[in-house]
Number of protein chains: 2
Amino acid sequence: MQSDQGSQLSDDGTVYVGKKNVMSYVMAVVTQLNNGASDVKVKARGRSISRAVDVTQIVKNRFISNLKFSDIKLETEELQNEDGSTSRVSSITITMAK
Amino acid sequence: MQSDQGSQLSDDGTVYVGKKNVMSYVMAVVTQLNNGASDVKVKARGRSISRAVDVTQIVKNRFISNLKFSDIKLETEELQNEDGSTSRVSSITITMAK
C-alpha cells in the first residue's frame, strides 16, 4: 500500500529525509496527510537535518497552510562504523498534523 | 559584558550559528547558561541548521546534562538578494534552559 510513495517512507509512516531531491519528500508528506493520516513524522540525521526542515516549510507554505508542528525532537544517535567503532550523529524528528 | 564571547552572540543573548567551528558556538551557550542566564536561544538558517542541532547535542551530552529544550521553532524567512529579488530560507530557533 505504501510502497508506491517511494523508499523514503517507512512502514510506520515516518518519512526519512536523505539525499534525494527535497520535493520527493514533500510529496510523501503531502500524500500521507491528504490520504487521512492523523499525523506524519519527518526524520533526518546529520547534514540532512537542514533538508528535513526545508521539507516541512515547503509543505506548509505551498500545500497545507494549516499544518501544525505537534512535536519536534532533537537527539543524538550512535552509529556503528565498519571498523567496529561508533560515531555520534545528531537527529531531528518533526511530527506534523493538519 | 557579552562582547568577550565573540561575534556569534547578539545583544539579546541569542547565539547565531553560522560557518564557524561548532565548538565556538557550544562555548557561547555554555558560558551564558553557567553565568546565570535563565535560557539561551540558538538560531540558524539554511545549511547551518544541522550545525545548530549539533551545538545543542554537544552542550547536552558533554557539558549540561540536565539541559531542557523548552521551545523549538521552525520558520521561513525572506531574504533580499542584491538584485532586489527575494529568496526564502528555512530557519530554526531552539530555546534551552537548565
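Trainee: How are residues and chains labelled, and what pLDDT do local features need?
Mentor: Residues are numbered from 1 along each chain as its sequence is written, chains are lettered from A and ligands numbered from 1 in the order in which they are written. Side-chain values use heavy atoms, with hydrogens and water left out, and in this predicted model totals for chains, interfaces and linings use all residues, side-chain atom pairs count only at pLDDT 80 or more, and local features need pLDDT of at least 70.

Trainee: What pattern does chain A follow along the sequence?
Mentor: Start with the elements, which are DSSP runs numbered from the N terminus: helices (H or I, at least four residues) and strands (E, at least two). Chain A has two helices and four strands. Read along the sequence, the pattern is β-α-β-α-β-β.

Trainee: What share of the contacts in chain A between residues at least 6 apart in sequence join residues at least 24 apart?
Mentor: Contact means heavy atoms within 4.5 Å. Take the contacts in chain A between residues at least 6 apart in sequence; the share joining residues at least 24 apart is 60%.

Trainee: What percentage of the residues of chain A count as buried?
Mentor: Buried means under 20% relative accessible area, exposed over 50%, and partly exposed in between (1.4 Å probe, protein chains only). Chain A has 98 residues, and the buried share is 48%.

Trainee: Is S65(A) buried or exposed?
Mentor: S65(A) sits in the loop between α2 and β3 (68-80) of chain A. Its C-alpha is 18 Å from that of V22(A), 43 residues away along the chain. The relative accessible area of S65(A) is 62%, so S65(A) is exposed.

Trainee: Is T95(B) buried or exposed?
Mentor: T95(B) lies in strand β4 (residues 86-97) of chain B. Beyond four places in sequence, T95(B) touches residues including D39(B), K68(B) and F69(B). Its relative accessibility is 6%, so T95(B) counts as buried.

Trainee: How far apart in space are T93(B) and Y16(B), C-alpha to C-alpha?
Mentor: T93(B) is also in strand β4 of chain B. With a relative accessible area of 11%, T93(B) is buried. In sequence, T93(B) and Y16(B) are 77 residues apart; in space, C-alpha to C-alpha, they are 9.2 Å apart.

Trainee: Which residues touch the most other members of the largest nonpolar core?
Mentor: A nonpolar core is a set of buried Ala, Val, Leu, Ile, Met, Phe, Trp, Tyr and Cys residues joined through side-chain atoms within 4.5 Å. One contact of I92(A) reaches the other chain, to I92(B). The largest core has 50 residues, and those touching the most other members are V29(A), I92(A), V29(B) and I92(B).

Trainee: At what angle do the α2 helices of chains A and B pack?
Mentor: I49(A), S50(A) and V53(A) meet I49(B), S50(B) and V53(B). Axes are lines fitted to C-alpha atoms, for helices over the stretch in contact, and angles run from 0 to 180 degrees between N-to-C directions. The two helices, each residues 49-63, have axes 7 Å apart and pack at about 115°.

Trainee: What kind of axis relates the two copies?
Mentor: Copies are superposed by least squares on the C-alpha atoms of residues with pLDDT of at least 70 in both. Chain B can be laid on chain A by a turn of 180° and a shift of 0.0 Å along the axis, with an RMSD of 0.0 Å. The copies are therefore related as by a two-fold rotation axis.
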